[in-house]
Amino acid sequence: MTQSWLDLAFLHWAADPADVAPLLPAGTAPDTLDGVTYVGLVAFRMHRVGLFRLPGLPYLGTFPETNVRLYSRDSEGRRGVVFRSLDASRLIPVAVARTMVRLPYVWSRMEVRRDADTLTYTSRRRWPGPRGAHSRIVLRTGERIEHPSALEHFLTARWGMHTTFFGRRTYLANTHPRWPLHRARLIDCDESLVTAAGLPEPVGEPVSVLYSPGVPVRFGRPARPGGIPAP
C-alpha cells in the first residue's frame with residue numbers, strides 16, 4: 001500500500017503508562033521516555049492511497065484524517081503506534097478499513113484549510129459515533145527543526161503500528177523518508193476525540209506541538225508475533 005501524508009499537525013500530551021496499558025493489544029506495553037508515555041492527536045491530509053504499485057486514487061484515496069494514537073513496544077522490541085481512533089471524511093475507505101483491516105476508522109465531516117502559515121483542521125463525527133465527537137486545531141507553522149530533541153524523535157520516529165487482526169496481534173511496518181519537522185504555535189485546540197477514544201481528558205496545553213509538510217509512505221505485509229510476515 002502506498003500513500004502520502006501531508007500537512008501534519010502533531011499534538012501530544014504526557015500520559016501515565018498505567019492509564020494507557022489496558023488500551024493496548026495483548027503482548028504490547030506502553031513505550032515510554034523517562035518513564036512517561038504520550039497521547040497523540042495527529043491531523044493531516046491523506047493523499048492518493050494506492051495498492052500493488054497502482055496509481056493512487058485521486059478522490060477515494062484523498063481526504064482529511066485525524067488520529068488519536070498511543071505508543072507501544074512489543075516483546076520483539078519493535079516500537080510502534082496503536083490507533084484508538086481514525087477519523088476520515090470518505091465513507092467508503094472508512095467502511096473498507098473497518099471491515100477488512102479491523103482498524104477503528106470513523107466517518108466524519110472534515111476540512112483542512114491553509115491561510116499563509118496558518119492551518120485549521122476541523123472534524124465532527126458522523127458514524128458510528130459517538131456523534132458530536134469533534135476537534136478543531138489551529139496552528140501557525142514556524143522554522144525547520146534541524147536537530148530534533150529526544151522527545152521529538154520519540155514521538156515521530158515510528159515505523160509501524162500494532163493492532164489486533166482476528167484476535168491475533170499484528171505489526172504492520174511502514175517506510176518513509178525522515179520527517180521534515182517544523183516548530184509550530186498552537187493558536188486553538190477544541191477537541192473531544194481523546195476522551196471519545198477512552199482516554200482521560202488531556203490536562204493543560206500539549207507538551208509538544210509540531211508541523212510537517214509530509215512524506216510519501218509505503219506499507220509492507222503485516223508481521224505476526226515473532227517477526228514473521230503473514231502470508
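Modeller: Start at P128, which lies in the loop between β7 (118-127) and β8 (134-144). Strands here are DSSP runs of E with at least two residues, helices are runs of H or I with at least four, and both are numbered from the N terminus. This is a predicted model, so local features need pLDDT of at least 70 and side-chain atom pairs count only at pLDDT 80 or more, while totals for chains, interfaces and linings use all residues. Residues are numbered from 1 along each chain as its sequence is written, and side-chain values use heavy atoms, with hydrogens and water left out.

Back to the loop. The peptide bond between W127 and P128 is cis, with omega about 0°. Another cis bond joins G129 to P130, and there omega is about 5°. P130 sits in the loop between β7 and β8.

Now look at the ring of W127. R98 lies over its face, 5.4 Å from the ring centre. A charge counts as over a ring if NZ of Lys or CZ of Arg is within 6 Å of the ring centre and within 35 degrees of the ring normal. A further case involves R158 and F154. The charged end of R158 sits over the F154 ring, 4.5 Å from its centre.

R158 leads on to N174. Setting aside neighbours within four places in sequence, N174 is in contact with W5, R158, W159, G160, V217, R218 and F219. Contact means heavy atoms within 4.5 Å. N174 belongs to strand β10. Its relative accessible area is 8%, so N174 is buried. Buried means under 20% relative accessible area, exposed over 50%, and partly exposed in between, using a 1.4 Å probe and protein chains only.

W5 takes us to the aromatic rings. The structure holds six aromatic pairs. In one of them, W5 and W179 have ring centres 6.1 Å apart and planes at 20°, so they are stacked. W5 is in strand β1 (residues 2-15) and W179 is in the loop between β10 (168-175) and β11 (182-191), so this pair ties together parts 174 residues apart in sequence. W5 counts as buried because its relative accessibility is 14%. W179 counts as buried too, because its value is 9%. W179 also pairs with F10: the centres are 5.4 Å apart and the planes are at 85°, so this pair is edge-to-face. F10 lies in strand β1 and W179 in the loop between β10 and β11, so the pair links parts 169 residues apart in sequence. F10 is buried, as is W179. Together, W5, F10, F44, W179 and F219 form one aromatic cluster. The cut-offs are these: rings of Phe, Tyr and Trp (its six-membered ring) pair if their centres lie within 6.5 Å, and planes under 30 degrees apart are stacked, over 60 edge-to-face, the rest tilted.

Strand β1 holds one more residue to check, D7. D7 is not a glycine, yet its phi is positive, about 50°. D7 counts as buried because its relative accessibility is 10%. D34 also has a positive phi, about 55°, without being a glycine. D34 is in the loop between β2 (28-30) and β3 (37-50). At 77% relative accessibility, D34 counts as exposed.

Next comes R78. It is found in the loop between β4 (63-74) and β5 (79-88). R78 counts as buried because its relative accessibility is 16%. Its side chain makes a polar contact of 2.8 Å with the side chain of D74. A second polar contact, of 3.0 Å, joins the side chains of R78 and E76. Such a contact is a pair of N or O atoms within 3.5 Å; within protein, one must be able to donate a hydrogen and the other to accept it, and residues adjacent in sequence count only if both atoms are side-chain atoms. R78 and M161 are 83 residues apart along the chain, and their C-alpha atoms are separated by 9.3 Å.

Finally, step back to the whole chain. It has four helices and 14 strands. Of its 231 residues, 50% count as buried. Among contacts with a separation of 6 or more, 67% join residues 24 or more positions apart. The C-alpha trace spans about 45 × 40 × 40 Å along its principal axes.
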